[in-house]
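Take a look at the structure, then read on.

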Amino acid sequence: MSEVYAHNIEDIPDQLGYLILNEDGAVLSSHGDLINDEKTAKVFMRMVQIAWKVKLCEEQRSVQRLSLIFSNHILLATVSNGKIYIVKKAYVPEQADSES
Amino acid sequence: MESLLQEKLETTLQNPGIHGIVCTDMQGLCLGNQGAAFEELAGPIAALCEEAYKQWPSQDSPVIVLETTGPKSSADLSLLIKMSDGICTGIIKSKHN
């Protein structure tokens with residue numbers, strides 16, 4: 001069995017957790033808030049399948065990234081080498097700093 | 001009511017960097033579109049909103065962002081999707097603006 005390489009995902013600033021899925025949506029690796037989060041894996045699998053078919057213009061080569069922005073965190077997903085990488089990051093809106 | 005929506009869509013399209021805008025209901029029925037956002041986008045937009053709503057029903061619906069690339073910078077676009085009151089709105093925006 002080949003080992004799943006996390007590509008320094010743990011070094012991403014403000015990273016709260018990550019999931020790595022294979023083409024079938026099975027969790028290959030997980031960490032932090034997303035540890036063994038099968039529910040999020042399933043939803044992202046379906047969303048990636050929909051999103052990666054979307055064509056916004058004729059010259060478009062591919063979809064690069066899918067992000068879900070919540071009030072205090074962001075979930076980012078990308079596909080590379082037949083794997084789906086999902087990262088959860090903390091999100092602090094810029095306005096919050098200026099108002100305090 | 002329909003003309004009011006079209007008017008709002010046209011106004012939004014005037015903003016810098018906006019290439020197109022589309023509104024759809026949760027079943028994927030296109031309620032209105034302007035610019036480069038074709039009616040065919042209504043289905044995927046509604047499906048993405050539905051998936052997010054099913055998973056996180058108690059939270060404020062997230063903003064869904066889809067980023068694309070191409071050989072020319074004109075293909076570097078973002079599709080921003082937000083659902084509110086059962087209506088999904090998708091805006092196609094240039095990444096360089």
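The notes below walk through the interface of chain A and chain B.

This is a predicted model, in which local features need pLDDT of at least 70, side-chain atom pairs count only at pLDDT 80 or more, and totals for chains, interfaces and linings use all residues. Residues are numbered from 1 along each chain as its sequence is written, chains are lettered from A and ligands numbered from 1 in the order in which they are written, and side-chain values use heavy atoms, with hydrogens and water left out.

**The contact surface**

- Chain A brings 26 residues to the contact and chain B brings 28 residues, where contact means heavy atoms within 4.5 Å.
- About 2400 Å² is buried between chain A and chain B, and carbon and sulfur atoms give 65% of this area; buried area is the accessible area (1.4 Å probe) that two parts lose on being put together, summed over both.
- Leu56(A), Glu59(A) and Phe70(A) supply 25% of the area that chain A buries against chain B, more than any other three residues.

- Two salt bridges are counted between chain A and chain B; a salt bridge is a side-chain nitrogen of Lys or Arg within 4 Å of a carboxyl oxygen of Asp or Glu.
- Arg46(A) and Glu51(B) form a salt bridge through their side chains, at 2.8 Å from N to O.
- Over all chains, the count comes to four salt bridges.

**Strands across the interface**

- E3(A) pairs with strand E3 (residues 63–69) of chain B in the antiparallel sense, over seven bridges; two strands pair if DSSP finds at least two bridges between them.
- Val63(A) has Thr68(B) as its bridge partner in E3(B).

**An aromatic pair**

- One aromatic pair is counted over all chains; rings of Phe, Tyr and Trp (its six-membered ring) pair if their centres lie within 6.5 Å, and planes under 30 degrees apart count as stacked, over 60 as edge-to-face and the rest as tilted.
- Phe70(A) and Trp56(B) form this edge-to-face pair, with 5.1 Å centre to centre and 70° between the planes.

Definitions and conventions
Helix = DSSP H or I, 4+ residues; strand = E, 2+ residues; numbered from the N terminus.
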